[in-house]
Amino acid sequence: MNKMFRAIGSAVFAMAFAAVSPGFAHDHATGIVKERMDAMESMAKHMKAVSERIKNKRDLAAIKMDAEAIAALAPHITHQFPPGSTQHPTQAKASIWQNWADFESKARVLEIESGKLAKMSSDDFGALSTQVRAVSQACGSCHEQYRAKK
Ligand code: HEC
């Protein structure tokens, strides 16, 4: 019985861990693919910190720093997807390069929305959480179209 509980416990742990660290794929990645995966992971960490602060209504003033970090990474996204960079284990879809202008504009939306978030006062919780949603949608709308599911 004890053993079974432990098994369940570690399964739950594994699930929780998968949720906080969305990709292990980058373990085998190299070159520019690894570079962009690392940058994406870093943005994900910042986003996670932001959503936790919103959820718990705590440390709202610190959201600015995370938003700044995302806004600093966003302008580099397009440089990290040179044509033909589809090496294993990438999840980047080939359609990125067929719709390059759209891909660029999605990266730009993230830059703009995270930049706005970085400039916001933490006094207005409603406005702050609305803007956090806008940033998160900027991530999601690009993934939906250009990132293959594992
Ligand atoms: C302009 C498009 C675009 C935007 C905006 C974008 N992403 Fe991504 N993201 C991608 C693509 C494409 C991949 C797949 C890259 C690959 O596997 O080579 C990816 C991969 C990832 C990964 C997986 C990395 C890995 O190690 O496999 C994470 C995590 C991630 N993005 C988080 C974010 C977060 C958080 C944001 C917003 C703050 C964001 N992304 C914004 C396109 C985007």
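The model is predicted: local features need pLDDT of at least 70, side-chain atom pairs count only at pLDDT 80 or more, and totals for chains, interfaces and linings use all residues. Residues are numbered from 1 along each chain as its sequence is written. The chain has 6 helices and 0 strands. Helices (H or I, at least four residues) and strands (E, at least two) are DSSP runs, numbered from the N terminus.

**Overall make-up**

- Along the sequence, the pattern reads α-α-α-α-α-α.
- Of the 150 residues in the chain, 21% are buried. A residue is buried if 20 or more other C-beta atoms lie within 10 Å of its own, exposed if 12 or fewer, and partly exposed in between, with C-beta atoms placed from the backbone.
- Among contacts with a separation of 6 or more, 67% join residues 24 or more positions apart. Two residues are in contact if their C-beta atoms, placed from the backbone, lie within 7 Å.

**Helix 2 against helix 6**

- Two packed helices are described by the angle between their axes and the distance between the axes.
- The axes of helix 2 (residues 31–56) and helix 6 (residues 125–146) come within 11 Å and cross at roughly 150 degrees. Helix 2 is therefore roughly antiparallel to helix 6.
- Axes are lines fitted to C-alpha atoms, for helices over the stretch in contact, and angles run from 0 to 180 degrees between N-to-C directions.
- Angles under 35 degrees count as roughly parallel, over 145 as roughly antiparallel, 65 to 115 as roughly perpendicular and the rest as oblique.
- Helix 2 passes helix 6 in a left-handed crossing. A crossing is left-handed if the near helix is turned anticlockwise from the far one by less than a right angle, and right-handed if clockwise.
- Helix 2 contributes Met 47, Val 50, Ser 51 and Ile 54 to the contact, and helix 6 contributes Ser 129, Val 132, Ser 136 and Cys 139.
- The contact of helix 2 with helix 6 has 5 nonpolar, 3 polar and no charged residues. Ala, Val, Leu, Ile, Met, Phe, Trp, Tyr, Cys and Pro count as nonpolar, Asp, Glu, Lys and Arg as charged, and the others, Gly among them, as polar.

**Helix 5 against helix 6**

- Helix 5 (residues 100–118) packs on helix 6 at an angle of about 165 degrees, with the axes 8 Å apart. The two helices are therefore roughly antiparallel to each other.
- Their crossing is left-handed.
- On helix 5, the contact residues include Phe 103, Lys 106, Val 109 and Leu 110. On helix 6, they include Gln 131, Val 132, Ala 134 and Tyr 146.
- By class, the contact of helix 5 with helix 6 has 11 nonpolar, 3 polar and 3 charged residues.

**Helix 3 and its cover**

- Helix 3 and helix 5 pack at about 155 degrees, with their axes 8 Å apart. That makes helix 3 roughly antiparallel to helix 5.
- The crossing of helix 3 and helix 5 is left-handed.
- Ile 63, Lys 64, Ala 67, Glu 68, Ile 70 and Ala 71 of helix 3 meet Glu 111, Ser 114, Gly 115, Leu 117 and Ala 118 of helix 5.
- The contact of helix 3 with helix 5 divides into 6 nonpolar, 2 polar and 3 charged residues.
- The buried residues of helix 3 are Ile 63, Asp 66, Ala 67, Ile 70 and Ala 71. They cover an arc of only 140 degrees around the axis, so they lie on the same side of helix 3. The arc is that of the directions from the helix axis to the C-beta atoms.
- Their cover includes helix 2, helix 5 and helix 6.

- Leu 73 lies in helix 3 (residues 63–73). Leu 73 is partly exposed, with 19 other C-beta atoms within 10 Å.
- Not counting residues up to four places away in sequence, Leu 73 touches Ala 39, Ser 42 and Met 43.
- Phe 103 belongs to helix 5. Phe 103 counts as buried because it has 21 C-beta neighbours inside 10 Å.
- Beyond residues up to four places away in sequence, Phe 103 touches Ile 96 and Tyr 146.

**Loop backbone**

- A cis peptide bond joins His 88 and Pro 89, with omega about 0 degrees. Pro 89 lies in the loop between helix 3 and helix 4 (95–98).
- Lys 57 has a positive phi of about 50 degrees although it is not a glycine. Lys 57 is in the loop between helix 2 and helix 3, and counts as exposed with 10 C-beta neighbours inside 10 Å.
- Asp 59 also sits in the loop between helix 2 and helix 3. Its phi is positive, about 50 degrees, although Asp 59 is not a glycine. With 13 C-beta neighbours inside 10 Å, Asp 59 counts as partly exposed.
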